[in-house]
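Please read this report with the structure open beside it.

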Amino acid sequence: MKIALIGPPKSGKTTIFNALTGADHEVDKYSPPATEANIGIVQVTDERITRLSELYQPKKTIYANLEFHDFPGIFARETENPESTIFSEIKSCDAFVLILRAFKDEELDQLYQDTDPLKVLSHFEEEMILADLMVAEKRLEKIALSYKRGVKTPALMIEEKALQRIVSHLQDNNSIRSLELPDEEEKAVRGFQLMSAKALLILLNTTEKEFKQQDELLSRFRQQGYMAEVIAGKFEQELAALEADEAKLFMADMGMDMSIKDRLSMLCYELLGLISFFTVGPDEVRAWTITKGTTAINAAGKIHSDLARGFIRAECFSYEDLIAHGSEKHLKEKGLFRLEGKEYLVQDGDILNIRFNV
Ligand SMILES: Nc1nc2c(ncn2[C@@H]2O[C@H](COP(=O)(O)OP(=O)(O)OP(=O)(O)O)[C@@H](O)[C@H]2O)c(=O)[nH]1
Ligand SMILES: [Mg+2]
C-alpha cells in the first residue's frame, strides 16, 4: 500500500516523514519546493508475527509494510499543473494523509496567507474537485468523439454513464469519496485515480505544548465526516533520534502510548479498511495485507497468481486459536482446522495454506 503525505507548503510533511522512517531529509522554512517525493518503507509492527516466528522458527520472517511518499507542498501556486509528474505520482497512491499546520510560526504566517486548517482543507477539496472535473470532462469529450466516429461499445456507454454521474457530483462541489457508483461503473473509472475519491486522513501537525489543545479543531473536522488526528511532528522527529528507553520516558510524559510509526500504520489500516492474514512454515512466516471482505481466492492471488488460478481449497485456522491451543495438532483434534472454499471471506488473523493445482 502506498500512502501519500500531502499538504500545503511547510506544513511539516518531511518532518513527519523523517520521524516515521528515520530518514534525515532537510527541513527548512525557506527552501523551495522539492522536485520529487521522498519514499520510505515502514514495517508494520505486529506482535502476532513475532509470536508465530517464535513458534515456527522459520528461516525468514516478513512483516507487512506500508510505503510512505513525502510530496512537496501542493495547491499553493497558480502555475501548478495538475497533469505534471508529481500529480500523477500522488494519484497513484492508495490513500492521502493531509498534513495541516497547526503550530504557530510568524514567518510562515507571513509567507502563506491561509493558515486556518479548516480553510486549508476546503481549499484542498476544491482543488481536488477541479482537477477531477478536468479529467472527467476531457474523457467525456473523447467518448463523444468516438461516438461520432461510430464507435459506441457497451463498455464506453458504462464509462460515459459513470463519468456523467461523477461530473454532476463534482459540479455540486462534492468529492467523489461521497459518491456510490454501481460496481461496473466504479470499475470503468478506477483507472483515472481521481484525487477526491481517495481515502483521506487529516493530521494536524502541532507542537508538544499545544498537542493536547486540539480537541475543538479535531471535532470540527470529525463533524464534517473526516478522520482526523493530531501529531507533534517536530517532537516526534526528535524522539526518533533517541534511544528507545529514553524515547519511552518522553512519550509517557506526553501521554503517548504508541510510536508515530505504529500509530500512523494503525490509522492507515483503519482508513483503508485493511486487515492481515498470515502464512506459516519452516521457510517463512509472513503477514499479507488485504482489504476487509477479500475472498480466499483473491487472498491466494496476493501470494501468487498461480495460487488463485489453480485454487482448490484454503486450509485455515485462526491465530487466536493457535495461541490458545498451542499447536496445529491440537487444533485439528478440536476441529478448529477448517477447509474453506473460494468465496470464504478471509478474517483478520487467519492463517492460510492454499491447496492448488496448475
Ligand atoms: N514548531 C514546529 N515547527 C515545525 C513542526 N513541524 C515542522 N516544523 C518546521 O516547519 C518547517 C518546514 O518543515 P518541513 O517538514 O520541511 O515541511 P514540509 O511540509 O515538508 O515543507 P515542503 O515540503 O517544502 O512543503 C521547518 O522549519 C520545520 O522545522 C512542528 O511540529 N513544530
Ligand atoms: Mg517537504
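## Polar contacts to the ligand

A polar contact here is a pair of N or O atoms within 3.5 Å. The model is predicted. Asparagine 205 meets that cut-off: a polar atom of its side chain lies 3.1 Å from a nitrogen atom of ligand 1. Lysine 10 also uses its side chain, with a polar atom 2.8 Å from an oxygen atom of ligand 1. Serine 11 uses its backbone instead: an N or O atom there lies 3.0 Å from an oxygen atom of the ligand.

How much of ligand 1 does the protein cover? On its own, the ligand has 650 Å² of accessible area, and the protein covers 89% of it.

## The shell around the ligand

Ligand 1 has 18 residues around it. Those that come nearest are Lys10, Gly12, Lys13, Thr14 and Thr15. By class, the shell has nine polar, five charged and four nonpolar residues.

Which helix supplies the largest share of the shell? Helix 1 does, with three residues. Helix 1 spans 13-21, and helix 9 spans 233-240. Each of the two supplies at least two shell residues.

## An exposed strand residue

Isoleucine 41 sits in strand 2, which covers residues 38-43. Is isoleucine 41 buried or exposed? Its relative accessibility is 56%, so isoleucine 41 counts as exposed; the cut-off for that class is over 50%.

Isoleucine 41 still has partners from elsewhere in the sequence. Neighbours within four places aside, isoleucine 41 is in contact with Asn65, Leu66 and Glu67. Leucine 66 is 25 residues away in sequence, yet the two C-alpha atoms are 5.8 Å apart.

## Aromatic pairs

How many aromatic pairs does the structure hold? There are five. One joins phenylalanine 75 and phenylalanine 87, whose ring centres are 5.5 Å apart. Their planes meet at 40 degrees, so this pair is tilted. Phenylalanine 75 is in the loop between strand 4 (65-70) and helix 3 (85-91), while phenylalanine 87 is in helix 3, so the pair ties together parts 12 residues apart in sequence. Both residues are buried. Ring pairs also bring in Phe124, making a cluster of Phe75, Phe87 and Phe124.

Another pair is formed by phenylalanine 277 and tryptophan 288. This one is stacked, with 6.3 Å from centre to centre and 15 degrees between the planes. Phenylalanine 277 belongs to strand 8 (residues 274-279) and tryptophan 288 to strand 9 (residues 284-291). The two are 11 residues apart. Phenylalanine 277 and tryptophan 288 are both buried.

Definitions and conventions. Residues numbered from 1 in each chain as written. Chains lettered and ligands numbered in written order. Predicted model: local features only at pLDDT ≥ 70, side-chain atom pairs only at ≥ 80, totals over all residues. Heavy atoms only, no water. Near = heavy atom within 4 Å. Polar contact = N/O pair within 3.5 Å; in protein donor to acceptor, adjacent residues only side chain to side chain. Areas by Shrake-Rupley, 256 points an atom, 1.4 Å probe, with all protein chains shown as cover. Helix = DSSP H or I, 4+ residues; strand = E, 2+ residues; numbered from the N terminus. Nonpolar A, V, L, I, M, F, W, Y, C, P; charged D, E, K, R; others polar. Buried < 20%, exposed > 50% of the residue type's maximum accessible area, 1.4 Å probe, protein only. Contact = heavy atoms within 4.5 Å. Phe/Tyr/Trp six-rings, centres within 6.5 Å; stacked < 30°, edge-to-face > 60°.
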